[in-house]
Amino acid sequence: MDEELKQKLLEILKDKRMLEILKHLKKANVDYGKSIMLNTKIPIQEVVDLLDKLEKIGLIERVHGATLKNTEAKFKLSKEVHKHHTYYKLTREGDHLLRQLDEKELIDAYIDLVKNDQMAVDILKIADEVNADHALTYAKLLHKPLEEVTPKLEELERTGLLEEKNAKIIKFIDRRSKPKKETRTHHKYYGLSRIGELVVREMKRKGIIPR
């Protein structure tokens, strides 16, 4: 992947939903906002904003013309439909990015995204150690104010490296920072996502996070 495309990848990884939309458009070929909302579960206004960002980055473009064939818009059932919405498709560059984006490229890009952000690196290290915990615990372990740590947790969640752990009860084996056998979750609990685990593993291998 060339340097210009890598920079665009870093930009879209700041919000994992942009990558979800690109992958959806790869399957659909051509699609519009409401359909993208239904398929990705992203709220419509956020879909509109993300489409605008992706268009500005140059990874998607608007489809011109009054009608579309279902060979172009694969999620349409009729053979030909009149366009009542703004339709989008991948640009050649967007398609090129997805074709080259294997797991190794994705992990390396995530590392490039966070490696110079010490708080982000420290949070990922803590998430690996405690497995799942709320913002106050991260703040205490980082020795930083909660109002400084919470936005960084939310930022890392947007990237997809962290995710909310939704279990009403998190058992001790899943939450290593508390001695209780189980604890009811009255807070939002943050833990590593699957890709977050892979990124941390590679960061340890590279010596960015100590083993």
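Select H2 to begin: it gives the largest share of the lining of the largest pocket, 4 residues. Helices (H or I, at least four residues) and strands (E, at least two) are DSSP runs, numbered from the N terminus. This is a predicted model: local features need pLDDT of at least 70, side-chain atom pairs count only at pLDDT 80 or more, and totals for chains, interfaces and linings use all residues. Residues are numbered from 1 along each chain as its sequence is written, and side-chain values use heavy atoms, leaving out hydrogens and water.

**The pocket**

The largest pocket holds about 290 Å³ of space. Next, select Lys16, Leu19, Glu20, Lys23 and Tyr110, the closest to its centre of the 13 lining residues. A pocket here is an open set of points on a 1 Å grid over the protein atoms alone, where a 1.4 Å probe fits, with protein on both sides within 12 Å along at least five of seven lines; lining residues have an atom within 4 Å of a point. Grid points are joined across faces, edges and corners, and the volume is the space filled by probe spheres set on them.

Now show helix H2 (16-28), helix H6 (103-114), strand E7 (162-165) and helix H10 (194-205); these elements each give two or more residues to the lining. Colour by domain: domain 1 (3-101) and domain 2 (105-206) each supply at least three lining residues. Those bounds come from an automatic or database domain assignment. Colour by residue class: the lining has 5 nonpolar, 3 polar and 5 charged residues. Ala, Val, Leu, Ile, Met, Phe, Trp, Tyr, Cys and Pro count as nonpolar, Asp, Glu, Lys and Arg as charged, and the others, Gly among them, as polar.

**The E6-E10-E7 sheet**

Stay with E7. It belongs to an open, antiparallel sheet of 3 strands in the order E6-E10-E7. Strand E6 (132-134) and E7 are the edges; each has a single partner strand, so one side of each lacks a neighbour in the sheet. From one strand to the next, the twist averages 40 degrees. Strands pair if DSSP finds at least two bridges between them.

Select E10 (residues 189-192): 4 bridges join E10 to E7. Look for Glu164 opposite Tyr190 in E10. Axes are lines fitted to C-alpha atoms, for helices over the stretch in contact (heavy atoms within 4.5 Å), and angles run from 0 to 180 degrees between N-to-C directions.

**Around E5**

Move to E5 (residues 87-90). Strand E1 (residues 31-32) runs antiparallel to E5, joined by 2 bridges. Tyr32 faces Tyr87 there, standing opposite it. Strand E2 (residues 60-62) also pairs with E5, antiparallel, over 3 bridges. Finish at Arg62, opposite Tyr88 in E5.
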